[in-house]
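Work through the exercises below with the sequence and the model open. Each task is followed by a solution in steps.

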Number of protein chains: 2
Amino acid sequence: MSFDNPQYPLVIFTPSGKRGHFAAGTPILTAARQLGVDLDSVCGGRGICSKCQITPSYGEFPKHGVTVAENALTDWNSVEERYDRIRGLPKGRRLGCQACVQGDVVIDVPPESQVHRQVVRKAASDRAIVMDPATHLYYVEVTEPDMHEPTGDFERLGFALRDQWNVDRVTAPLPVMRRLQGALRKGNWTVTVALHKGHRDDSHRILDIWPGFHEGRIYGLAIDLGSTTIAAHLTDLRNGTVKASAGVMNPQIRFGEDLMSRVSYAMMNPGGDVEMTTAVREAINALSVELANEAGIEPRDIMEVVFVCNPVMHHLLLGIDPVELGQAPFALATSNSLSLDATELNLTSTNPAARVFVLPCIAGHVGADAAAVALSEQPGKSEDLVLIVDVGTNAEILLGNTTRVLACSSPTGPAFEGAQISSGQRAAPGAIERVEIDPVSKEPRFRVIGCDLWSDDPGFAAATATTGITGICGSGIIEAVAELRMAGLLDPRGLMGSAGQTGTARMIPEGRTHSYLLHDGSATGGPVITVTQGDIRAIQLAKSALYAGARLLMDEMGVDQVDRVTLAGAFGAHISPKHAMVLGMIPDAPLDKVTSAGNAAGTGARMALCSVAARTEIESTVRQIHKVETAIEPRFQEHFVNANAIPHATDPFPNLAAIVTLPDVSFNTGGGNDAGRRRRRT
Amino acid sequence: MSFDNPQYPLVIFTPSGKRGHFAAGTPILTAARQLGVDLDSVCGGRGICSKCQITPSYGEFPKHGVTVAENALTDWNSVEERYDRIRGLPKGRRLGCQACVQGDVVIDVPPESQVHRQVVRKAASDRAIVMDPATHLYYVEVTEPDMHEPTGDFERLGFALRDQWNVDRVTAPLPVMRRLQGALRKGNWTVTVALHKGHRDDSHRILDIWPGFHEGRIYGLAIDLGSTTIAAHLTDLRNGTVKASAGVMNPQIRFGEDLMSRVSYAMMNPGGDVEMTTAVREAINALSVELANEAGIEPRDIMEVVFVCNPVMHHLLLGIDPVELGQAPFALATSNSLSLDATELNLTSTNPAARVFVLPCIAGHVGADAAAVALSEQPGKSEDLVLIVDVGTNAEILLGNTTRVLACSSPTGPAFEGAQISSGQRAAPGAIERVEIDPVSKEPRFRVIGCDLWSDDPGFAAATATTGITGICGSGIIEAVAELRMAGLLDPRGLMGSAGQTGTARMIPEGRTHSYLLHDGSATGGPVITVTQGDIRAIQLAKSALYAGARLLMDEMGVDQVDRVTLAGAFGAHISPKHAMVLGMIPDAPLDKVTSAGNAAGTGARMALCSVAARTEIESTVRQIHKVETAIEPRFQEHFVNANAIPHATDPFPNLAAIVTLPDVSFNTGGGNDAGRRRRRT
């Protein structure tokens, strides 16, 4: 088709800059379609849906070489008047399907009228999700049946979809087929369908059908199914807006705190895997209902669900016994992405025909959650070498740049989530999340979740009276341990000194070791919160595992340092980079190059939910990621042992040394130990 | 690839005649594959399955220009010895995967070693079904997992299927995925899979999986779902053999005898359609169990189900309210063929992953059963003009040749099935199925189902003592009415004469009409079987509807006669062509051109079950069939009225007249009627 006949008026679209000449009387929507301008329409130009709103501009446009007269478009017509009267049309707007070309004109397509509009992520990142969801609503006019040319109602709907929307290979599940004839007749041979496009082929499936033009919106759930927490985002499939978010504890916790104990449970208890599968599916159903209620929508409007999860969660979600994941060679039953019906997972609180997409797994220990992080953070597109650490009960670690991406997982255990810590708790109001210890007075101050004041600020007691000071969460314990080290209360090997050795009465003897008194709430009936030697050991084990994994990838890459570090995960967002580096959780890097990506796995899930292209991308990305298996790698053990020190025993940390001087101290425990004794001998 | 190097030995395959030169040492299976010779193998040449058996020939073959020495193949090897010892190998047979080329050789591939072997139909037809089922068993060796190159077990199974069997795009439903890892390990990384190929694309789905080499066979059900009867054939998907057949009454009969009364039931009773759907699915499940038991197989081995049915049965099977089929324009919800999971139809007595194929419908009154008849009888490939009549509660009628095929349905009602007949019964032992009336003595003789003797043969009473003589079935009543006409006891308008008018005491007054006494079993406690005037009327209505439908198609085709007539349907197989023509059920045709196709719809179902190509064929065929709607066609009523006479009032019947002289009689009823009076006046 040619649009260069200068006898016709010139139509210029912004922001795309696409232009062409069109005969007077051509609707703007038609011109846009012919030029491939991204202008939305659900009703196909029938003046019903108002999705094709455009803003004509008048005046001189030297850049475009045109002057636009006030009558460049046909007059406001009865359809637009009616629409404006009933629904309201913003000032200056026209309906692209009603306004027709009269003369040269510049047409602006506002973002909300673009199908593939970009949705800027909330997180600190300049990347955006381009909306390209698998499921769209389409309004169609269907030919009435003719007994002399008999075809099924469904086949005529298929013809209409092909003719009016250029979609082909349409199928419908039987429950939709069952409602088809009623909908067509009630809608006087017009219907709106929710049409799902398969991302691996050009097949389409009708997920739902409504008589006439359906005003509603359709939604998707992006679910980050973690060992400890199930987090879900109810997302508008039209514009990517998160309408509601919620998280619940993974009820599988009652079968085992961490992944391996759940695998053991499945091994030891016949049918144990089925119990866990049922538990997690029920929790997802409840979460789905909760989110729909919160957003004020019907579960029927939830058309898609995307899951990211580690391999054990992946198998238990799918109903596959995870036993093979508990032993070398850690074989996944299936690693590719999966497209399923919601009913296959017994999901009951979505549209009955809803579709499920499960991101691919990278390996037996590196799951779809790591794939989602890779999708969100795109290490393979980074010019500089980036280390991405998703901290959870199991840490997923990615290292790479445009040349190569490596991945591994590391069994950090639940210490970073506040478990196995004497005063530990989950991140919730009342939990200590930030800690500072004065290097001279050795006195602490802290902040608790739910209050912006520090504990030594005036009014702190009143501000925290409601929540109380209940415990210490993951980010709090990390800061506490790092601050103890910086204040000279903790030596590089992780031993705390006595009151005598450190000169502060906050060091309380506890058996053969010492604890640091962070907060004594006993006067007001609250808890006494200390950091014990056991807490230090738990954090040392966790951070050593994390660091050893990162170091193993650096070995494989042949490097001793990384250009930048991204902390991912809900927890990662709250970690102080400096404290993480003092602790030796992560390799040395310039402090301003250690950033948080927020819940990157959740972001990856949302991207896959909102974009078919993202699904295709991650499928090819995971095939390019090289997996390093920590569980059987002797060097992992070596790195793990070396990483026990705070920060760590072998690697240099020039960036950290430039900003922090760590006291050269060494303590023994109450009963004495080799290190302490050796130091006393020197 | 070139096989013409004369330095290598020549291998000639029979019966295909394919030939080529192969290096010494080439296994015969390899040579066959390279030449495209149809030689079966499930295990891929590993000496496990024995499907590649061949028979080498020795001696001189002047036709082929070779002499084959005794040592043309490598010696019988240990694999063959072991196989013969354990399973037995027929004399002269070799395993094609073990025997290797040594010199020029002629290799015969016996029919049972051909994949695409032809299965000659039992019915009187020279056509055959070429085996090409959607589901095959494949034995594969799968690479073990390697934690350094992680891939899912399922993905490695996919690679193996691609490499070893050239199949791609393999998926598996979750229940199969769940058993995958166990099967692979139990089979020491070999498994047998039942793989289903989609007939519209090249996708494959694993329906079942077994560890190692699976010895079993897989089966399919071809189901002819009629208004009155559900007939099913359990078929071996390897060779098309019917292992068991059974039929049950359609339990929907309790909701209405014929189609329209069932549509009415759905209209008048909310949820009535669901009741009928549940009833028919339960009956199918029970039938499936019965067939599996009879054949001594597990329901799990039933991998496919094919349905043919009329449109109302079609919708009720699928769970779609048939209400639209009860009123013009008789719109089908869907007309195309359907590929479904058995679970979507709640089929519980097949493999849980079994696939269902439903043949396409032609129109709102001409269903998948008519499509199956078209597949079986192929009117569109006939050089002469063929009329195909599938007689049932609803008759499907096809008329066509290579230029054009027309179709209609006609509401004959259940009279032809023995319903609405005073002594009527279903075709079962004890039912009168053949009748002759002596034109001089007016005495009848008859045969009953289950006995080869005529009623006037010596020993008949003893031979029928067990079954008794219980009633008259559809073919019996047709013959009885035609014989009454030929014996001069019935006039062309369908009136029977009195004893006085006809000279036989077998004409018994019954109110104002007469009945003909066919059999009086009262002396031995059996029934008195008569043909009443009401029976004649019921048959007249049914045959008029049938004839009017055929005549309407002939009008549309612009012809007054047809070249041949095919009677289809279980009932059609038992109708005497001469009697049908005397009755005027079918148009006049040479008697030897009136043949039975047996249960053509059932045959069509079996063809679709055994052949993916047949599915594709019928999909394109139905699009070419032109549908004529009888329900709103005024000429149908006209033809119907004209067809009331016996044979019929308007059309000539030269072929019939050449063999049968119908007495020129006319009777009135007991109370007198115009016709009788008019005749007396002449």
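**Exercise 1. The nonpolar core**

Task: Find which residues have the most contacts inside the largest nonpolar core.

Solution: The model is a predicted one, in which local features need pLDDT of at least 70, side-chain atom pairs count only at pLDDT 80 or more, and totals for chains, interfaces and linings use all residues. Residues are numbered from 1 along each chain as its sequence is written, and chains are lettered from A and ligands numbered from 1 in the order in which they are written.

Step 1. A nonpolar core is a set of buried Ala, Val, Leu, Ile, Met, Phe, Trp, Tyr and Cys residues joined through C-beta atoms within 7 Å. Buried means that 20 or more other C-beta atoms lie within 10 Å of the residue's own; 12 or fewer means exposed, in between is partly exposed, and C-beta atoms are placed from the backbone.

Step 2. The largest such core holds 358 residues, and A:Phe307, A:Val389, B:Phe307 and B:Val389 have the most contacts inside it.

Step 3. Leaving out residues up to four places away in sequence, A:Phe307 touches A:Ile223, A:Leu225, A:Leu317, A:Val356, A:Val358, A:Leu359 and A:Ala368. Contact here means C-beta atoms, placed from the backbone, within 7 Å.

**Exercise 2. The two copies**

Task: Determine what rotation superposes chain A on chain B, and describe the side of chain A that touches chain B.

Solution: Step 1. Superpose by least squares on the C-alpha atoms of residues with pLDDT of at least 70 in both copies. A rotation of 180° with 0.1 Å of shift along its axis brings chain A onto chain B, with an RMSD of 0.3 Å. The copies are therefore related as by a two-fold rotation axis.

Step 2. A:Asp201 is the residue of chain A that comes closest to the rotation axis, its C-alpha lying at 5.4 Å.

Step 3. In the interface, 34 residues of chain A are in contact with 34 residues of chain B. Helices H3 (153–165) and H4 (174–186) of chain A each supply at least two residues of this side, and H4(A) gives the most, with 5 residues. Helices (H or I, at least four residues) and strands (E, at least two) are DSSP runs numbered from the N terminus.

Step 4. By class, this side of chain A has 17 nonpolar, 9 polar and 8 charged residues. Ala, Val, Leu, Ile, Met, Phe, Trp, Tyr, Cys and Pro count as nonpolar, Asp, Glu, Lys and Arg as charged, and the others, Gly among them, as polar.

Step 5. Because 100% of the interface residues of chain A are also interface residues in chain B, the copies meet through the same surface.

**Exercise 3. Helix H7 of chain A**

Task: How many residues of helix H7 (residues 311–318) of chain A are buried?

Solution: Step 1. The buried residues are A:Pro311, A:Val312, A:Met313, A:His314, A:His315, A:Leu316, A:Leu317 and A:Leu318.

Step 2. That is 8 of the 8 residues, so H7(A) is largely enclosed by the rest of the structure.

Step 3. Just after H7(A), A:Gly319 takes a positive phi of about 85°.

**Exercise 4. A loop residue of chain B**

Task: Is B:Leu495 buried or exposed?

Solution: Step 1. B:Leu495 lies in the loop between helix H10 (474–486) and helix H11 (499–502) of chain B.

Step 2. B:Leu495 has 22 C-beta neighbours inside 10 Å and therefore counts as buried.

Step 3. B:Leu495 and B:His514, 19 residues apart in sequence, are 8.6 Å apart in space, C-alpha to C-alpha.

Conventions:
Contact = placed C-beta atoms within 7 Å.
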